[in-house]
Amino acid sequence: MKHLTEPRIGVDVGRVLVEGLVPGADTSFFTGDDDDLVATPAVAGALEGLAWLVDQFDGRVWLVSKCGPRIEQRTLRWLSGNDVYTRTGLNPAQVRFCRARPDKALHARQLRLTHFVDDRRDVHVALAGLVTHRYLFGPQKGPIPDGCVATLTWPDVIWHVMATVPVRT
(Lines give C-alpha, C1' and ligand atoms only; values in the text may rest on other atoms or scores of the structure.)
Protein backbone atom coordinates (compact mmCIF):
# COMPACT_ATOMS: atom_id res chain seq x y z
CA MET A 1 0.00 0.00 0.00
CA LYS A 2 1.52 3.33 -1.06
CA HIS A 3 0.85 6.46 0.98
CA LEU A 4 0.95 9.99 -0.36
CA THR A 5 1.89 11.26 3.10
CA GLU A 6 3.91 9.46 5.71
CA PRO A 7 1.74 8.07 8.51
CA ARG A 8 1.81 10.15 11.69
CA ILE A 9 -0.26 9.36 14.78
CA GLY A 10 -1.53 11.22 17.82
CA VAL A 11 -2.51 9.39 21.00
CA ASP A 12 -4.47 10.75 23.94
CA VAL A 13 -3.21 10.09 27.49
CA GLY A 14 -6.13 9.95 29.97
CA ARG A 15 -8.17 6.73 29.69
CA VAL A 16 -6.11 5.73 26.64
CA LEU A 17 -2.65 5.33 28.20
CA VAL A 18 -3.30 6.03 31.89
CA GLU A 19 -5.91 3.91 33.70
CA GLY A 20 -7.94 5.05 36.69
CA LEU A 21 -9.28 8.23 35.18
CA VAL A 22 -12.87 7.09 34.87
CA PRO A 23 -15.63 8.21 37.26
CA GLY A 24 -15.68 6.08 40.38
CA ALA A 25 -12.21 4.67 39.77
CA ASP A 26 -9.00 5.37 41.66
CA THR A 27 -8.20 9.06 41.30
CA SER A 28 -4.64 8.95 42.66
CA PHE A 29 -3.46 10.40 39.36
CA PHE A 30 -5.29 13.61 40.27
CA THR A 31 -5.02 13.76 44.06
CA GLY A 32 -2.38 11.34 45.33
CA ASP A 33 1.19 12.04 46.29
CA ASP A 34 4.07 11.38 43.89
CA ASP A 35 4.26 7.67 44.75
CA ASP A 36 0.52 7.24 44.22
CA LEU A 37 0.71 9.15 40.97
CA VAL A 38 3.47 6.97 39.54
CA ALA A 39 1.65 3.84 40.78
CA THR A 40 -1.45 4.69 38.71
CA PRO A 41 -1.50 1.84 36.18
CA ALA A 42 -1.34 2.07 32.43
CA VAL A 43 -4.35 0.88 30.44
CA ALA A 44 -3.91 -2.84 29.64
CA GLY A 45 -1.66 -3.21 26.60
CA ALA A 46 -1.09 0.54 26.25
CA LEU A 47 2.67 0.63 26.65
CA GLU A 48 3.18 -2.37 24.37
CA GLY A 49 0.79 -0.81 21.86
CA LEU A 50 2.55 2.53 22.05
CA ALA A 51 5.92 0.83 21.49
CA TRP A 52 4.47 -0.93 18.43
CA LEU A 53 3.18 2.39 17.07
CA VAL A 54 6.55 4.10 17.62
CA ASP A 55 8.20 1.29 15.65
CA GLN A 56 5.61 1.09 12.88
CA PHE A 57 5.35 4.87 12.46
CA ASP A 58 9.15 5.24 12.52
CA GLY A 59 8.93 7.49 15.59
CA ARG A 60 6.20 9.73 14.16
CA VAL A 61 4.04 9.36 17.29
CA TRP A 62 2.85 12.22 19.50
CA LEU A 63 0.97 12.18 22.76
CA VAL A 64 -1.64 14.96 22.67
CA SER A 65 -3.44 15.59 25.95
CA LYS A 66 -5.99 18.14 27.11
CA CYS A 67 -5.38 19.28 30.69
CA GLY A 68 -4.50 22.22 32.88
CA PRO A 69 -0.97 23.09 34.05
CA ARG A 70 -1.12 20.96 37.22
CA ILE A 71 -2.25 17.79 35.42
CA GLU A 72 0.24 18.53 32.64
CA GLN A 73 3.05 18.33 35.22
CA ARG A 74 1.55 15.17 36.75
CA THR A 75 1.27 13.60 33.30
CA LEU A 76 4.94 14.30 32.58
CA ARG A 77 5.82 12.86 36.01
CA TRP A 78 3.76 9.70 35.29
CA LEU A 79 5.44 9.26 31.91
CA SER A 80 8.95 9.60 33.35
CA GLY A 81 8.16 7.68 36.56
CA ASN A 82 6.88 4.73 34.55
CA ASP A 83 9.86 4.85 32.19
CA VAL A 84 7.49 5.27 29.24
CA TYR A 85 10.09 6.89 27.00
CA THR A 86 12.58 4.04 27.38
CA ARG A 87 9.95 1.29 27.34
CA THR A 88 8.23 2.55 24.17
CA GLY A 89 10.87 4.53 22.30
CA LEU A 90 8.66 7.63 22.38
CA ASN A 91 10.63 10.86 22.06
CA PRO A 92 9.96 13.02 25.17
CA ALA A 93 9.83 16.08 22.89
CA GLN A 94 6.75 14.58 21.21
CA VAL A 95 4.36 15.18 24.09
CA ARG A 96 1.88 18.01 23.51
CA PHE A 97 -0.73 19.65 25.72
CA CYS A 98 -3.72 21.88 25.11
CA ARG A 99 -6.32 23.41 27.41
CA ALA A 100 -9.47 22.53 25.42
CA ARG A 101 -10.30 19.24 23.68
CA PRO A 102 -11.13 20.81 20.30
CA ASP A 103 -7.63 22.36 20.34
CA LYS A 104 -6.24 18.90 19.65
CA ALA A 105 -7.17 19.71 16.06
CA LEU A 106 -4.57 22.53 16.09
CA HIS A 107 -1.87 20.02 17.03
CA ALA A 108 -3.16 17.52 14.48
CA ARG A 109 -2.95 20.14 11.72
CA GLN A 110 0.49 21.37 12.76
CA LEU A 111 1.87 17.82 13.04
CA ARG A 112 0.08 16.64 9.87
CA LEU A 113 -1.39 13.67 11.74
CA THR A 114 -2.97 10.94 9.66
CA HIS A 115 -4.18 8.83 12.63
CA PHE A 116 -5.51 9.65 16.11
CA VAL A 117 -6.54 7.56 19.13
CA ASP A 118 -8.81 9.25 21.69
CA ASP A 119 -11.63 8.24 24.02
CA ARG A 120 -13.69 11.42 23.55
CA ARG A 121 -16.31 11.97 20.89
CA ASP A 122 -15.89 15.76 20.86
CA VAL A 123 -12.21 15.36 19.98
CA HIS A 124 -13.09 13.14 17.04
CA VAL A 125 -15.72 15.61 15.86
CA ALA A 126 -13.06 18.35 15.93
CA LEU A 127 -10.67 16.10 13.95
CA ALA A 128 -13.23 15.19 11.26
CA GLY A 129 -11.98 16.16 7.81
CA LEU A 130 -8.49 16.70 9.21
CA VAL A 131 -7.32 13.28 10.40
CA THR A 132 -8.15 10.39 8.07
CA HIS A 133 -7.95 7.47 10.53
CA ARG A 134 -9.67 8.13 13.85
CA TYR A 135 -10.06 5.53 16.60
CA LEU A 136 -12.57 6.04 19.40
CA PHE A 137 -10.98 4.17 22.29
CA GLY A 138 -12.58 2.25 25.14
CA PRO A 139 -16.13 1.45 26.18
CA GLN A 140 -18.58 4.03 24.89
CA LYS A 141 -22.21 4.95 25.40
CA GLY A 142 -23.97 6.45 22.44
CA PRO A 143 -23.19 6.61 18.75
CA ILE A 144 -19.74 6.48 17.22
CA PRO A 145 -18.93 9.72 15.33
CA ASP A 146 -18.95 9.41 11.55
CA GLY A 147 -15.60 8.32 10.19
CA CYS A 148 -14.41 6.84 13.51
CA VAL A 149 -13.59 3.23 14.22
CA ALA A 150 -14.59 1.91 17.65
CA THR A 151 -11.60 0.32 19.40
CA LEU A 152 -12.41 -1.17 22.78
CA THR A 153 -8.84 -2.28 23.62
CA TRP A 154 -5.25 -1.70 22.53
CA PRO A 155 -5.22 -4.93 20.46
CA ASP A 156 -8.22 -3.46 18.60
CA VAL A 157 -6.24 -0.27 17.92
CA ILE A 158 -3.29 -2.28 16.58
CA TRP A 159 -5.56 -4.44 14.42
CA HIS A 160 -7.22 -1.45 12.79
CA VAL A 161 -4.01 0.56 12.39
CA MET A 162 -2.35 -2.46 10.74
CA ALA A 163 -4.95 -2.23 7.98
CA THR A 164 -3.87 1.33 7.15
CA VAL A 165 -0.05 1.29 7.21
CA PRO A 166 2.60 -1.00 5.74
CA VAL A 167 3.61 -3.24 8.64
CA ARG A 168 7.33 -3.28 9.39
CA THR A 169 8.86 -6.62 10.27
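Reader: Which residues of α8 are exposed on its other side?

Author: A residue is called exposed when its relative accessible area is over 50%, buried when under 20%, and partly exposed in between, with a 1.4 Å probe and protein chains only. In this predicted model, where local features need pLDDT of at least 70, side-chain atom pairs count only at pLDDT 80 or more, and totals for chains, interfaces and linings use all residues, Pro155 and Trp159 are exposed on that side of α8. Residues are numbered from 1 along each chain as its sequence is written, and side-chain values use heavy atoms, leaving out hydrogens and water.

Reader: Which residues of helix α8 are buried?

Author: Helices are DSSP runs of H or I with at least four residues, strands are runs of E with at least two, and both are numbered from the N terminus. In helix α8 (residues 154-162), the buried residues are Trp154, Val157, Ile158 and Val161. They lie on the same side of α8 because they cover an arc of only 95° around the axis, the arc being that of the directions from the helix axis to the C-beta atoms.

Reader: What do the buried residues of α8 pack against?

Author: Contact means heavy atoms within 4.5 Å. The buried residues of α8 pack against β1 (9-11), α3 (46-56), β4 (115-118), β5 (133-137) and β6 (148-151).

Reader: How many helices and strands does the protein chain have, and what percentage of its residues count as buried?

Author: The protein chain has eight helices and six strands, and 47% of its 169 residues count as buried.
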